[in-house]
Amino acid sequence: LQYYACRLAVTGAAYCWGYNDYGQLGTGNLTNSTRPVAVTGNLTFTALSAGGGGQACGLVSGGAAYCWGYNGSGQLGSGTSAYSGTPLPVSGGLSFATISAGENGTTCGVTTGGGAYCWGFNGDGELGNGTTVNSGAPVAVSGGLTFRSISAGFASTCGLTPGGAAWCWGDNNYGALGNGLTTNSKTPVAVGGGLTFSAISVGDAFACGVTTAGAAYCWGYNGEGQLGIGSVTRNSTPAAVSGGITFASVSAGYSSACGVTQGGAAYCWGDNAFGQLGNQSTAQALTPVLVATPP
């Protein structure tokens, strides 16, 4: 369900390319493409997110959400489990400010009023509504919290409040919820450490955030060094990424993570078996390494 990507043009048009077995390219057919192809529907998007669960979603002006692609767990939010090769409106009539398509069949969004909603797969409680029942339509995240952003990962989800506090829910076997425990939670729990974050990103069993001062912290599984702390020791609370680098953003992936500084330099750490750290090597990196400059 992976092996595809999407991007948003400056005009607001969405383009996707790669594998298309469930219509995740949004072209109305199941034909793979080695080049970007336009998503059908003549929609003008303001935000776009492509997930590893085979779904892609976008927001249009006004905040209406549309999703397309694989829908076996209800991750399109259309109220059915039928996949779609064209964008379908997410049910419920909600107006979203942000949207995040996750890696295992979960999609989440934050409304313009700060309410968090999730839909799709919920086997580990990653919808945050107090159950483990999948939902083909948006359900409100429990707890009455107000969020400004949200990130759906592989089996857990995290959000940031307007004040920068991080809350997470879902799978916690490796400490990915950051609350010092390893028990799953079907509702949001506060990430430990008292840090104030400006950005957060959830990967596969780990998460990373950037504080308002630009320091990167990661927590959860660390078998490939994806926490960037100089070891492969897992942490159930945020641990500072080594190197003292000041970041503007960070992105947690499958078994590696990357961050971008305010000056535009990119650093990555973790698994590098396929060269995904971009440093002209395939050696694992337990601390951030500089991504090579393009020729």
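This is a predicted model: local features need pLDDT of at least 70, side-chain atom pairs count only at pLDDT 80 or more; totals for chains, interfaces and linings use all residues.

Reader: Okay, what is the handedness of the disulfide between Cys158 and Cys168?

Author: The sulfur atoms of Cys158 and Cys168 sit 2.0 Å apart, and the two form a disulfide. The torsion about their S-S bond is about 105°, so the disulfide is right-handed.

Reader: Which strands do Cys158 and Cys168 lie in?

Author: Both Cys158 and Cys168 are buried. Going by sequence, the pair ties together parts that are 10 residues apart. Cys158 belongs to strand β13 (residues 156-160), and Cys168 to strand β14 (residues 166-170).

Reader: How many disulfides does the structure hold, and what is the pairing in sequence order?

Author: The structure holds six disulfides. If you number the bonded cysteines of the chain in sequence order, the pairing reads 1-2, 3-4, 5-6, 7-8, 9-10, 11-12.

Reader: What is the angle about the S-S bond of Cys6 and Cys16?

Author: Cys6 and Cys16 form a disulfide with their sulfur atoms 2.1 Å apart. Cys6 is in strand β1 and Cys16 in strand β2, so the link ties together parts 10 residues apart in sequence. Cys6 is buried at 18% relative accessible area, and Cys16 is buried at 0%. Their link is right-handed, with an angle of 105°.

Reader: Is Cys108 buried or exposed, and what is the relative accessible area of Cys118?

Author: These two form a disulfide, with the sulfur atoms of Cys108 and Cys118 2.1 Å apart. The pair links Cys108 in strand β9 (residues 106-111) to Cys118 in strand β10 (residues 116-120). Cys108 has 0% relative accessibility, so it counts as buried. Cys118 is buried too, and its relative accessible area is 0%.

Reader: On to the loops. Which residue's backbone nitrogen does the side chain of Asn20 reach?

Author: Asn20 lies in the loop between β2 (14-18) and β3 (33-38). With 0% relative accessibility, Asn20 counts as buried. Beyond its close sequence neighbours (within four places), Asn20 is in contact with several residues, including Gly26, Thr27 and Asn29. At 2.9 Å, its side chain reaches the backbone nitrogen of Leu25.

Reader: And Ala13, is it buried, partly exposed or exposed?

Author: Ala13 is in the loop between β1 (4-8) and β2. Neighbours within four places aside, Ala13 is in contact with Arg7, Leu8 and Leu43. Buried would need under 20% relative accessible area. Ala13 has 23% relative accessibility, so it counts as partly exposed.

Note on methods
Residues are numbered from 1 along each chain as its sequence is written. Side-chain values use heavy atoms; hydrogens and water are left out. Helices (H or I, at least four residues) and strands (E, at least two) are DSSP runs, numbered from the N terminus. Buried means under 20% relative accessible area, exposed over 50%, partly exposed in between (1.4 Å probe, protein chains only). A polar contact is a pair of N or O atoms within 3.5 Å; within protein, one must be able to donate a hydrogen and the other to accept it, and residues adjacent in sequence count only if both atoms are side-chain atoms. Contact means heavy atoms within 4.5 Å. A disulfide is a pair of cysteine sulfur atoms within 2.5 Å.
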